[in-house]
Each structure stands twice: as structure tokens, then as C-alpha cells.
Amino acid sequence: SLWAHRFLLKTDEKIDLFITPSSFLRTRLIEWGFDADRVLVVRNFAEPPEADSEPGTYGVNLGRMSSEKGLDGLLHALHRAGDPPFVFIGSGPVLDDLKTLARALGLERTEFRGQLEPTEVAPLLRRARYVALPSTWDENAPLAALEAMAAGRPLLVSRTGGLPELVEGGEGLMFDPGDIAAMAGHITSLMKDDDLCRALGGRGLARVKGEFTPETHLE
């Protein structure tokens with residue numbers, strides 16, 4: 001907040017318009033004193049591949065592996081849900097700790113694929129059942145979520161930052177940050193219910209095609 005006020009004083013006469021990729025960040029800037037008429041939401045975009053919402057066989061998390069991402073809680077939720085298949089894509093400072101925790105929890109169906117090229121990530125997403133983003137801090141508008149929606153995958157997200165905006169139309173399921181029991185319950189539902197996955201994933205794919213395309217972003 002102090003940084004924002006200093007930034008505002010320095011830029012007030014030099015910048016005509018501030019652009020944010022989420023309503024969450026726009027609201028935060030206005031709370032910090034930015035003029036609402038000069039803060040506009042312009043969503044990030046994803047390139048929709050040839051995708052459908054037919055359910056895959058495993059859950060996925062992709063992105064930087066750091067403590068604020070809530071991945072230790074996700075491992076506990078997977079344990080509580082009975083060790084369903086799950087794939088982690090990415091690297092970061094807590095990767096080794098997560099591998100150790102997964103072994104301690106006896107998660108035999110959890111894989112860590114490390115950092116992959118985009119061409120390797122795309123087919124893994126298309127074969128996934130859902131994408132989990134269990135952050136414990138305020139995410140803004142993560143591209144990983146848009147990529148999941150563009151692949152027709154349901155989102156499983158924590159109720160923080162800009163994440164709720166991405167599932168407000170029924171594109172996924174939410175839980176409070178750190179609520180392992182609720183996360184595990186949603187994981188169980190997603191793994192068992194094909195119709196639920198199709199419905200959530202289909203809404204996400206339709207929203208990307210309608211709101212989060214390169215053309216919409218450019219306009």
C-alpha cells in the first residue's frame with residue numbers, strides 16, 4: 001500500500017491509463033488511491049487449441065513451485081482423496097521438499113515432470129482431467145488457468161485474488177485457501193464424475209473462445 005501511494009504520486013501526471021488483467025487488481029489499485037476512471041481491465045488471452053471437454057485421467061498443476069502456491073496443501077489433499085493420479089509440471093525452490101513430502105505421504109500416483117517446453121505441456125493438458133491452482137496468496141490472472149480453460153479442463157482454485165473471477169460462470173470449483181478437506185472433496189468429485197468435468201470444462205472452453213482470445217485482447 002505504501003509502495004502504491006508513492007507510485008501514484010510519481011506517475012499521476014505522467015500516465016493516462018493503468019491496465020490490469022483482473023478485476024481484483026483494478027479494485028486493489030482503486031483502494032490504494034488510483035482514479036477509477038483511469039484503471040481499465042484488459043484480460044490476458046490464450047490461444048484455443050483444437051480441444052473439447054472430454055475428461056482425462058489425471059489432475060495437473062503447472063507453474064512455479066514456491067511456498068505461496070499452496071502445493072504442500074495440495075499433496076495433503078491428494079493423500080486425503082485416496083492418491084488419485086496427479087502430475088506436477090514446473091520447477092522452483094520447493095520442488096525437492098514437495099517430492100519428499102509426497103514420498104512421506106505414500107503418494108505413489110503423483111508424478112513430478114519438471115520444467116517442460118510448451119509443446120510438451122499442451123498434450124499433457126489435453127489428457128488431464130482438471131487443473132489445480134491452490135495458491136495461498138493473491139494470484140492476479142495466471143496464464144496457467146487460461147491455458148487450462150482453453151484446453152477444456154475444469155479449474156480447481158483457491159478463493160483468493162483474481163482466481164474466483166475465472167470460475168464465476170461455473171468453469172470450475174473453489175475452496176478457501178489452505179482448506180485441505182474441501183480441496184480433497186472437490187478432487188474426489190472431479191475424479192468420479194465425468195458429467196461434472198464435461199460441464200465445467202465446456203464452460204471454460206466456451207468462455208475462452210468468447211472472452212479470452214487474442215482478437216478480443218487486441219480490440
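Contact here means heavy atoms within 4.5 Å. This is a predicted model, where local features need pLDDT of at least 70, side-chain atom pairs count only at pLDDT 80 or more, and totals for chains, interfaces and linings use all residues. Residues are numbered from 1 along each chain as its sequence is written, and side-chain values use heavy atoms, with hydrogens and water left out.

**Exercise 1. State which residues Val60 is in contact with, leaving aside neighbours within four places in sequence.**

Step 1. A nonpolar core is a set of buried Ala, Val, Leu, Ile, Met, Phe, Trp, Tyr and Cys residues joined through side-chain atoms within 4.5 Å. Buried means under 20% relative accessible area, exposed over 50%, partly exposed in between (1.4 Å probe, protein chains only). The largest such core has 27 residues, and Val60, Leu62, Ile89, Val131 and Leu155 have the most contacts inside it.
Step 2. Find the top contributor. Helix 6 gives the most to this core, with 6 residues. Helices (H or I, at least four residues) and strands (E, at least two) are DSSP runs, numbered from the N terminus.

**Exercise 2. Decide why helix 6 is largely enclosed by the rest of the structure.**

Step 1. Count the buried residues. In helix 6 (residues 143-150), 6 of the 8 residues are buried, so the helix is largely enclosed.
Step 2. Name them: Ala144, Ala145, Leu146, Ala148, Met149 and Ala150.
Step 3. List what they pack against: strand 3 (58-62), helix 5 (118-126), strand 6 (128-133), strand 7 (155-158) and helix 8 (194-211).
Step 4. Look just past the helix. Gly152 takes a positive phi of about 75 degrees.

**Exercise 3. Classify the ring pair of Phe18 and Phe34.**

Step 1. Set the rule. Rings of Phe, Tyr and Trp (its six-membered ring) pair if their centres lie within 6.5 Å; planes under 30 degrees apart count as stacked, over 60 as edge-to-face and the rest as tilted.
Step 2. Apply it. The centres of Phe18 and Phe34 are 4.9 Å apart and the planes stand at 85 degrees, so the pair is edge-to-face.
Step 3. Locate the partners. Phe18 is in strand 1, Phe34 in the loop between helix 2 (23-31) and strand 2 (39-41), 16 residues apart.
Step 4. Check burial. Phe18 counts as buried at 10% relative accessibility, and Phe34 counts as buried at 4%.
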